Amino acid sequence: MARLRVVPVTAAKLGPRLLVAFAAALALLWVAPIAWMFTTGIKSAPEIFALPPTWIPQRPTLDHVHVVLTRWPFLRWTLNSVVVAGTTTVLSVLVSVPAAYAFSRLRWRGRDAIFLVFLSSMLIPLEVNVIPLYFLMNRLHLLNTYPAVFLPMIGMPIGIFLLRQFYINIPGELDDAARVDGCGNLRILWHVILPLSRPALAALVIYMFTFAWNEFFWSMIALSSPQMFTLPIGLRALQGAYDIDYGVLMAGAAMAVLPTLMLFLFLRGSIIRGITMTAHK
Amino acid sequence: MKRRYGRTVEIALFILPFAAFWILFRLGPVLYGFFISLYRWDPLGDAKFIGARNYLNLARDPRFWNALVNTLEFAAMAIPLIVGIGLVLALFIFAGRKRRVTTWLEAGFFFPYLLTVSVVGLIWRWLLDPDFGIVLLTLRDMGIDPPVFLNEPRWALPAIALATAWWLAGYRMLLFRAALEDIPDEFYEAARIDGASSPRVFFSIVLPLLRPAILFALVLTTISGFIVFGQVLIMTAGGPGRASEVLAMYLYRFGFEYLEMGQAAAVGTVLFLIILGLTMVSFRWLGYESSL
């Protein structure tokens with residue numbers, strides 16, 4: 001299918017090759033900070049401050065990695081992040097699926113009004129709520145535990161919004177047929193809707209996992225003991241003690257990024273598709 | 001009758017798990033936060049109702065106004081940067097979409113979005129280090145005498161805005177690229193037949209059709225602009241002096257360093273109202289045409 005051609009019109013004048021070459025140069029510049037982080041992490045201390053700076057480490061060393069792993073509970077932070085992000089993702093999918101079903105496949109009075117109320121809360125960032133959340137978690141004796149971090153992320157409206165968008169476009173004949181066969185809503189959801197909505201589920205999983213994996217402000221308030229830190233908070237702690245030790249800081253940051261980078265290289269297509277779906281409106 | 005009742009229960013059960021989390025941990029805290037903001041909270045646990053005093057204290061505190069102005073300045077720089085760069089990158093990717101290499105370019109532009117804010121902050125602090133930062137060294141090599149970005153009151157916020165644009169523009173790029181793909185080919189073909197120039201096509205066809213996407217990106221980016229915290233904390237800690245202290249940082253310091261929880265909660269309410277107001281303005285301004 002011939003798709004046209006806004007920029008291509010300009011591009012035709014510029015030459016498409018030139019355009020792509022320019023974009024490629026820009027992309028290189030864009031990822032350069034990440035490359036710089038990785039190389040700094042394996043440079044020796046004097047080389048980090050060598051003038052002129054070197055892009056390729058002359059004598060790569062794992063000293064900084066060693067410091068991060070031995071002086072800090074780095075692996076524990078990673079584990080905490082996996083637990084928090086994993087739980088957030090699983091629970092938000094579990095609560096969003098039936099709600100999205102009720103908001104899209106069932107007809108009832110007040111449905112759209114209630115949905116709009118949920119949806120409008122999408123605009124309330126977690127950040128404005130840190131003080132009341134702190135009081136609430138304190139009262140529930142949950143501060144400095146995993147639930148304190150993941151509970152506020154579960155009822156995010158993006159879950160029902162995304163799934164509902166998808167469910168609405170599934171033809172109604174499918175569940176009508178199932179209903180004639182005597183299926184209840186739960187069976188229709190499980191056997192008809194869920195298998196058809198895998199892309200939307202994947203998108204939600206990717207979105208929630210990255211959101212929870214990266215959450216910073218609230219986690220910093222909710223978690224106080226270094227053993228409980230997630231990676232983002234741990235990295236910040238690293239900075240507190242090693243203000244100027246960029247080798248250690250970059251090694252720690254690089255180690256935190258490495259799993260994300262690996263996953264991204266393998267699942268690039270589906271991650272970008274998943275994120276694009278959350279953006280589609 | 002009985003059947004109908006059963007159906008209501010069933011619908012309620014489908015929604016209840018989500019609604020419970022939403023009420024307890026989303027709606028609840030907004031109201032609770034407002035309630036807290038009307039009290040003076042003693043760290044030892046006593047609370048005294050003081051009405052609007054916390055808000056009056058805010059209004060009288062020059063430091064609050066400084067934080068508010070800094071936040072507005074940051075938003076005024078970061079929002080156009082993030083949305084603008086996102087749009088330009090999307091046009092590049094869309095233009096080159098028939099070449100395989102562009103999927104890799106897109107991946108490169110998008111990847112920073114997957115980084116956590118502390119990584120972004122640490123990377124840019126290192127890039128902009130006054131003595132050994134590669135950015136300053138490179139600029140000096142090119143014969144430019146750059147400001148020591150993070151240590152200069154005038155440059156700290158712009159530098160943080162730039163780092164934020166690097167971090168967040170990739171997501172807006174995906175958003176715009178998806179919207180560009182949704183524009184039917186016939187529109188361009190018709191414009192072509194009419195002999196429209198490419199800037200004309202861009203401004204008369206593409207831009208209007210991107211309106212819902214631009215609205216969404218603007219709302220999203222406005223929110224991130226007004227709650228900016230992590231980058232600032234790591235890159236400058238609000239400094240030099242208080243040149244980059246933003247509202248979220250003011251909230252954090254008053255709540256958890258000075259233990260003025262009531263006043264911090266008042267800042268939370270102010271932030272909430274600002275975001276609400278700006279969202280409503282942008283809906284009005286760009287038209288309420290999304291599928292909300």
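This is a predicted model: local features need pLDDT of at least 70, side-chain atom pairs count only at pLDDT 80 or more; totals for chains, interfaces and linings use all residues.
Residues are numbered from 1 along each chain as its sequence is written, chains are lettered from A and ligands numbered from 1 in the order in which they are written, and side-chain values use heavy atoms, with hydrogens and water left out.

**Figure 1. Chain A is built from 15 helices and 0 strands.** Helices (H or I, at least four residues) and strands (E, at least two) are DSSP runs, numbered from the N terminus. The radius of gyration of chain A is 24 Å, whereas a compact globule of 281 residues would have one near 19 Å; this radius is taken over C-alpha atoms, and the globule rule is 2.2 Å times the number of residues to the power 0.38. Along the principal axes, the C-alpha atoms of chain A fill a box of roughly 75 × 65 × 30 Å. Buried residues make up 56% of the 281 in chain A, where buried means under 20% relative accessible area, exposed over 50%, and partly exposed in between (1.4 Å probe, protein chains only). Of the contacts in chain A with a separation of 6 or more, 70% come from residues 24 or more positions apart; a contact means heavy atoms within 4.5 Å.

**Figure 2. Chain B holds 13 helices and 2 strands.** Its average pLDDT is 90, and 96% of the residues score at least 70; pLDDT is the predictor's confidence in each residue, from 0 to 100. For the model, the scores are ipTM 0.91 and pTM 0.91. The C-alpha atoms of chain B fill a box of roughly 80 × 75 × 30 Å along the principal axes, and 58% of the 292 residues of this chain count as buried. Chain B carries 25 positive and 21 negative side chains, with the centres of the two sets 8 Å apart. In this count Lys and Arg are positive and Asp and Glu negative, while His and the chain ends are not counted; each charge is placed at NZ of Lys, CZ of Arg, CG of Asp or CD of Glu.

Figure 3. In the loop between helix H7 (130–139) and H8 sits A:His141, which counts as exposed at 70% relative accessibility. A:His141 is not a glycine, yet has a positive phi of about 55°. The loop between H7 and H8 is also the place of A:Asn144, another non-glycine residue with a positive phi, here about 65°. For context, most residues other than glycine have a negative phi, and most peptide bonds are trans.

**Figure 4. The loop between H11 and H12 of chain B.** B:Thr236 lies in this loop, between helix H11 (230–235) and helix H12 (247–256). With a relative accessible area of 15%, B:Thr236 is buried. Beyond its neighbours within four places in sequence, its contacts are B:Leu150, B:Ala156, B:Ile160, B:Gln231 and B:Ser244. B:Leu157 is 79 residues away along the chain, and its C-alpha atom is 9.1 Å from that of B:Thr236. Back at B:Pro240, the peptide bond from B:Gly239 is cis, with omega near -5°.

**Figure 5. B:Ala159 in helix H7 of chain B.** Helix H7 spans residues 153–182 and includes B:Ala159. This alanine counts as buried, at 7% relative accessibility. Setting aside neighbours within four places in sequence, B:Ala159 touches B:Leu128, B:Phe149, B:Leu150 and B:Met235. B:Phe74 is 85 residues apart from B:Ala159 in sequence, while the two are 9.8 Å apart in space, C-alpha to C-alpha.

**Figure 6. B:Thr269 in helix H13 of chain B.** Helix H13 (residues 261–286) contains B:Thr269. B:Thr269 is buried, with a relative accessible area of 12%. Neighbours within four places in sequence aside, B:Thr269 is in contact with B:Gly33, B:Phe34, B:Ser37 and B:Tyr55.
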